[in-house]
Amino acid sequence: MSEKAIPYKIYLEENEMPRQWYNVRADMKNKPAPLLNPGTLEPMTAQELEAVFCKELVQQELDDVHPYIDIPEDIRNFYKMYRPSPLVRAYCLEEKLQTPAKIYYKFEGNNTSGSHKLNSAIAQAYYAKQQGLRGVTTETGAGQWGTALSMACSYFGLDCKVYMVKVSYEQKPFRREVMRTYGASVTPSPSETTEVGKRILKAHPGTTGSLGCAISEAVEAATSMEGYRYVLGSVLSQVLLHQTIIGLETKAALDKYNIVPDMIIGCAGGGSNLGGLISPFMGEMLRGERDYQFIAVEPASCPSLTRGRYVYDFCDTGMVCPLAKMYTLGSGFIPSPNHSGGLRYHGMSSILSQLYDDGLMEARSVEQTAVFTAAEQFARVEGILPAPESSHAIRVAIDEAMKCRETGEEKTIVFGLTGTGYFDMVAYEKFHNGEMNDYIPTDADLQVGFDGLPKVEK
């Protein structure tokens, strides 16, 4: 097919939207290690998990057998409000870079929440409603997840309590107000409203918080109120499952024009968007059908894959959640407050950690000013102001395209544009004013987190 025959935006028809999520664990030879009970250090049972999570979501969390799981009709109907999302050929960026590479991005920002997070938020709210719950609690970093969940809960008439990382609560008031507009209550974390929050504040006075802190508070709140459960916006296998709608649509759009990518790039915090984007392609590679290069891009200030350890660790700072085997900086690690994106989690999805440990994907860390340089370059030629998180993937996509210019290789690059940056203007302002720093933790800084890792002989 000629270049001119491929449109700027590849849209799928409504009837081409996937009817099932894809569970990559079914095709993984080495399955992710099970979640462990923090008290007994034995694998968590469904009954134990159901005290915290919705029953159907627990079944999805534990399922490593079935490759496809049906998307309920109510969820598909909600998806139709903003899906299928476009796969865009970045012709203008290619021309600006003078690269022979072909660059595509899957744009997930065309919904009110502004990011991919709505894909899982609506699923988790649906299952909570089906279970007859009154409401849910959660954490949020930069606010995309909290915004998405508040929308989803409003749709199903559920109460939504959000614990927002304190530094983001202060830096992103507009995203906070969107959550409140949709009916959510928003608390800066750590806070004095929970026992675990009080303990964290006593141990770390003046802390700006972390996702690990906010998770601890949200879990405590959920387990202390009748008719509530906790839901998580990333990391867990169930969340990656829901996000595979991204990768399935991307693959269907590429297949429509007989396009085969050489590399697929995504930003990586807890792993939800990256896992969702690459899973269908990873499945092909696991089955021996095709070869791809997968690149996870994380901030140099929170480098769980590139500098973390692959061990069992608590999923939260308060150490009340199950232990997961993952690449981690230690549950006590608190990223520098100058980091402007939401990629602030101390660990990485167990699925992605296993794939990375098996050598099936690679990881790179990038510094903050380089990320915003790429964001601005992208915005000026492609017309979308990208979220700081998404801009990590843009940075490496541009780097790879420039390598192609040097070598003359005509590689096809696909990356995930997870959302828009219109609520992140404080970060853009700091960048433009030259006030943004490239903080990189020292080995001694990281050792503090590693020293707190639990001793688990598994």
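**Pockets and cavities**

Mentor: Strand 12 gives the largest share of the lining of the second largest pocket, three residues. This is a predicted model: local features need pLDDT of at least 70, side-chain atom pairs count only at pLDDT 80 or more, and totals for chains, interfaces and linings use all residues. Residues are numbered from 1 along each chain as its sequence is written, and side-chain values use heavy atoms, without hydrogens or water.

Stay with that pocket (an open set of 1 Å grid points with protein on both sides within 12 Å along at least five of seven lines; lining residues have an atom within 4 Å of a point). R309, V311 and Y312 belong to its lining. So do F450, D451, L453, P454, K455, V456 and E457. Two elements give two or more residues each: strand 12 (309-314) and helix 18 (443-451). Both are DSSP runs numbered from the N terminus (helices H or I, at least four residues; strands E, at least two). By class, the lining of this second largest pocket has six nonpolar residues, no polar ones and four charged ones. Nonpolar is Ala, Val, Leu, Ile, Met, Phe, Trp, Tyr, Cys and Pro; charged is Asp, Glu, Lys and Arg; polar is the others, Gly among them.

Now the largest pocket. About 270 Å³ of space lies in it. Its lining counts 18 residues. Nearest the centre of the largest pocket are A33, P34, L35, E61 and S237. Twelve of the lining residues are nonpolar, two are polar and four are charged.

Next, the cavities (sets of points where a 1.4 Å probe fits but cannot get out). The structure has five of them at 30 Å³ or more. The largest cavity takes up about 360 Å³. A set of 31 residues lines the largest cavity. K117, L211, S234, G342 and L343 lie nearest its centre. Strand 6 (135-140), helix 6 (144-156), helix 10 (211-223) and helix 12 each give two or more residues to the lining of the largest cavity. That lining splits into ten nonpolar, 18 polar and three charged residues.

The second largest cavity has a volume of about 100 Å³. It is lined by 13 residues, and F53, L232, L236, C315 and C321 are the closest to its centre. By class, the lining of the second largest cavity is 13 nonpolar, with no polar and no charged residues.

How values were computed
Grid points are joined across faces, edges and corners, and a volume is the space filled by probe spheres set on the points.
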